[in-house]
Amino acid sequence: METTLTAPVQAVTKASEWSLGTRVAFRFCFVYFTLYCLSTQIITSFLPVPNFDIPDPSAFWPLRPIVRWTGTHIFRISHPVVFTDSGSGDKIFDWVLVSCLLVIALLATGIWSVVDRKRLNYITLHKWFRLFIRFCLAGQMMTYGMDKAVPLQMPFPYLTRLLERYGDFSPMGVLWASIGAAPAYERFAGCAELLGGVLRIFPRTTMLGGLVCLADMIQVFMLNMTYDVPVKLLSFHLILLSLFVLAPDLKRLANIFLLNRPTEPADHPPLFAERRPNRIAFAAQIVLGAWLLGANAYAARVGWYQYGGGRTVSPLYGIWDVEQQSIDGQLRAPLLNNAGRWRRAIFDFPERMTFQRIDDSFARHGVTIDTKNKTFVLTDDADKNWKANFTFERPSPNQMTLDGNMDGHKVHAQLKLLDRNQFLLVNRGFHWIQENPYNR
């Protein structure tokens, strides 16, 4: 009788006992992924605030001094390791940060494994931690997905980009220009990332969302690696996080896709023992997912009108070919620094303009345009005291004359508007039927 009563208990205990390797791996993943998510842009994307840019937590104490000290004394980096909000995830600061987090996680895992060596499993902690990682991934996928679906991350090539030589593009510039020139593909890629993020919200679609996110992130990681995009660290970690969420289902997936074996339904324990708290938790997940989706949609809408396709363009918008130019009354003036011979003047954004010199180099300036008085003032980002003043006249919509002073020289130029639609990249469009490939 005693054997009959204790056998089921022993069976349950045996089934719920994790192997030593699984327990140690979970401890490491818990510490490392928690530190990484809480110290990088992952946590800021998890809690988006419209119209407010939250810096990465690693920019503050205590991580910032730890990273600086490690970079100086351990890696012997000659210059100070400083945090710069450049949008890049592959700065020296980021690599040193990841190294610090890795060492901390290894030490914490060792201590945890000794202190808690008698514990059989971490089922309760795992289900809550998995929920946290799910929504961290959802935040990242929605942020990047919405920026592509609108599209904003890779805009259609701006006017200056249309004039640059392909051989002068960086590998990242090639990727940005090629995807930006195909907005339909960018929207498709963005919708795929959004799908992965949305599927992460619902517990029943977690596995499907994990597969979608994993496929998306492998694609992104390979593009980052092959086109030298400085988001390699982040995209690689998103792959790892996707694999962590998928880990409980890997055996079932192997049975279906590799071993051709039947598999049982997923056995993921609910967050709470009672039905009512679980319903409340489910509703909270839906609300949080809706907030993530709505906040990112709002941010994308703002971006669309700030720097996307709905933005305000320069009142002198266009590529202006210089038909004639004189400097100090001389038509054949020497090539000077700024007030040299120009091939084109490009006005795109309201507060920026660019000269393309006769040698095809570019001089970029800030500009303030007064359409009422028909004047504009140029500034130089590298020299806050530098200014150049011009007046302009537009005898017709396609013609413009400039007169002004630049670098102590009097400049006069006659310009003609170049039709943007003359560029093949702009006017080619899409064709269902092609008798021959149109590869130019």
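Modeller: Happy to! A polar contact here is a pair of N or O atoms within 3.5 Å; within protein, one must be able to donate a hydrogen and the other to accept it, and residues adjacent in sequence count only if both atoms are side-chain atoms. By that rule, a polar atom of the N121 side chain lies 2.7 Å from the backbone oxygen of S16. Bear in mind that this is a predicted model, where local features need pLDDT of at least 70, side-chain atom pairs count only at pLDDT 80 or more, and totals for chains, interfaces and linings use all residues. Residues are numbered from 1 along each chain as its sequence is written, and side-chain values use heavy atoms, with hydrogens and water left out.

Biologist: Thanks. What else does the side chain of N121 reach?

Modeller: The backbone nitrogen of I123, at 3.3 Å. Leaving aside neighbours within four places in sequence, N121 is in contact (heavy atoms within 4.5 Å) with S16 and W18.

Biologist: And where is N121 found? Buried or exposed?

Modeller: N121 is in the loop between α5 (92–115) and α6 (123–149). Helices are DSSP runs of H or I with at least four residues, strands are runs of E with at least two, and both are numbered from the N terminus. N121 is buried, with a relative accessible area of 18%. Buried means under 20% relative accessible area, exposed means over 50%, and partly exposed is in between (1.4 Å probe, protein chains only).

Biologist: Let's go inside. Which residues touch the most other members of the largest nonpolar core?

Modeller: F33, I42, I133 and L241, out of 48 residues in that core. Two or more residues each come from α2 (20–39), α4 (63–73), α5, α6, α8 (171–180), α10 (206–226) and α11 (232–246). A nonpolar core is a set of buried Ala, Val, Leu, Ile, Met, Phe, Trp, Tyr and Cys residues joined through side-chain atoms within 4.5 Å.

Biologist: What is I42 in contact with, neighbours within four places aside?

Modeller: Y36, C37, C136, Q140, L234, L238 and L241. There is also a second, separate core of 23 residues, which includes F347, F355, A363 and L402.

Biologist: Switching to charges: how many salt bridges are there?

Modeller: The count comes to 15, where a salt bridge is a side-chain nitrogen of Lys or Arg within 4 Å of a carboxyl oxygen of Asp or Glu. One of them joins R130 and D249, with the closest N and O atoms 3.5 Å apart.

Biologist: What does the R130 and D249 pair tie together?

Modeller: R130 lies in helix α6 and D249 in the loop between α11 and α12, so the pair links parts 119 residues apart in sequence. R130 and D249 are both buried.

Biologist: Where do K148 and E193 lie?

Modeller: K148 is in helix α6 and E193 in helix α9 (residues 183–201), so their pairing ties together parts 45 residues apart in sequence. Their side chains meet in a salt bridge at 3.3 Å, N to O, and both residues are buried.

Biologist: How about K374 and E393?

Modeller: Those side chains form a salt bridge too, at 3.5 Å, N to O. K374 is partly exposed at 37% relative accessibility, and E393 is partly exposed at 43%. There's also a network of salt bridges linking D90, D228 and K232.

Biologist: What is the phi of D228?

Modeller: It's positive, about 55°, although D228 is not a glycine. D228 lies in the loop between α10 and α11. R76 also has a positive phi, near 55°; R76 sits in the loop between α4 and α5 and is exposed, at 64% relative accessible area.

Biologist: Good to know. Which peptide bonds are cis?

Modeller: W61 to P62 is cis, with omega near 5°, and so is V150 to P151, with omega near -5°. P62 is in the loop between α3 (41–46) and α4, while P151 is in the loop between α6 and α7 (159–163). For background, most residues other than glycine have a negative phi, and most peptide bonds are trans.

Biologist: Last one: is F257 buried or exposed?

Modeller: F257 is exposed, with a relative accessible area of 62%, and is found in helix α12 (residues 250–257).
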